[in-house]
Amino acid sequence: MAMNDPIGDMLTRIRNSQMRGKSTVKTPASRLRAWVLDVLEAEGYIRGYEKTTGADGHPELVISLKYFDGDPVIRELKRVSTPGRRVYAGVKDIPQVRQGLGVAIVSTPKGVMSDAAARQANVGGEVLCTIF
């Protein structure tokens, strides 16, 4: 089966693993996925991740999930922009997630960053996903 939405796939894997209470989840490696994970780590939603090589010899990312009092830190993980419907926002239109309690991850010309960082850098871009 062809993979059309690698970011959506990774987010779903994270959601599913958290529902099962798993401590880590594997996803195929790509630069974009790693950049999104960098933002998740910087914002404190995951413990971190490391690059490994899977059994099939392909590079993988192993994501360490984060829990607080037994509950997943990530309560909601939503894909905003999809391959079928791209969502772009200018710097003025970048969404605020839960009155600023959540984070929107934006792919900008200056790299993948959180909504706050994008506003600070005064760049808009593609709104990849929101986390709360």
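**Core packing, loops and salt bridges in a predicted model**

Leaving out neighbours within four places in sequence, Ile105 is in contact (heavy atoms within 4.5 Å) with Val36, Val39, Leu40, Val112, Met113, Glu126, Val127, Leu128, Cys129 and Ile131. A second, separate core has 11 residues, including Ala118, Val123, Val127 and Phe132. A nonpolar core is a set of buried Ala, Val, Leu, Ile, Met, Phe, Trp, Tyr and Cys residues joined through side-chain atoms within 4.5 Å. Buried means under 20% relative accessible area, exposed over 50%, and partly exposed in between, with a 1.4 Å probe and protein chains only.

The model is predicted: local features need pLDDT of at least 70 and side-chain atom pairs count only at pLDDT 80 or more, while totals for chains, interfaces and linings use all residues. Residues are numbered from 1 along each chain as its sequence is written, and side-chain values use heavy atoms, with hydrogens and water left out.

The largest nonpolar core has 23 residues, and those with the most contacts inside it are Ile14, Val36, Leu37, Leu40, Ile63, Ile105 and Ile131. At least two residues of this core come from each of α1 (6–19), α2 (31–42), β3 (59–65), β8 (103–108) and β10 (125–131). Helix α2 supplies the largest share, five residues. Helices (H or I, at least four residues) and strands (E, at least two) are DSSP runs, numbered from the N terminus.

In helix α1, the buried residues are Ile7, Gly8, Asp9, Met10, Leu11, Ile14, Ser17 and Gln18. The 14 residues of α1 should span 20 Å at 1.5 Å a residue, and the end C-alpha atoms are 20 Å apart, which agrees. The expected span is 1.5 Å times one less than the number of residues in the helix. Gly21, with a positive phi near 75°, follows α1.

Strand β10 contains Glu126, which counts as buried at 12% relative accessibility. The side chain of Glu126 makes a polar contact with the side chain of Arg86 (3.0 Å). A polar contact is a pair of N or O atoms within 3.5 Å; within protein, one must be able to donate a hydrogen and the other to accept it, and residues adjacent in sequence count only if both atoms are side-chain atoms.

Two residues other than glycine have positive phi values in loops. Arg98, with phi near 45°, lies in the loop between β7 (88–89) and β8. Asn122, with phi of about 60°, lies in the loop between α3 (115–121) and β10. Asn122 is exposed, at a relative accessible area of 53%.

Seven salt bridges are found in the whole structure. A salt bridge is a side-chain nitrogen of Lys or Arg within 4 Å of a carboxyl oxygen of Asp or Glu. Arg98 and Glu76 form one of them (3.0 Å, N to O). This pair links distant parts of the chain, 22 residues apart, with Glu76 in the loop between β5 (71–72) and β6. Arg98 is partly exposed at 38%, and Glu76 is partly exposed at 22%. The side chain of Glu76 also meets that of Lys78 in a salt bridge (3.6 Å, N to O).

Asp115 forms a salt bridge with Arg119, the closest N and O atoms being 4.0 Å apart. Both residues lie in helix α3, four residues apart, about one turn of the helix. Asp115 is buried at 6%, whereas Arg119 is partly exposed at 29%.
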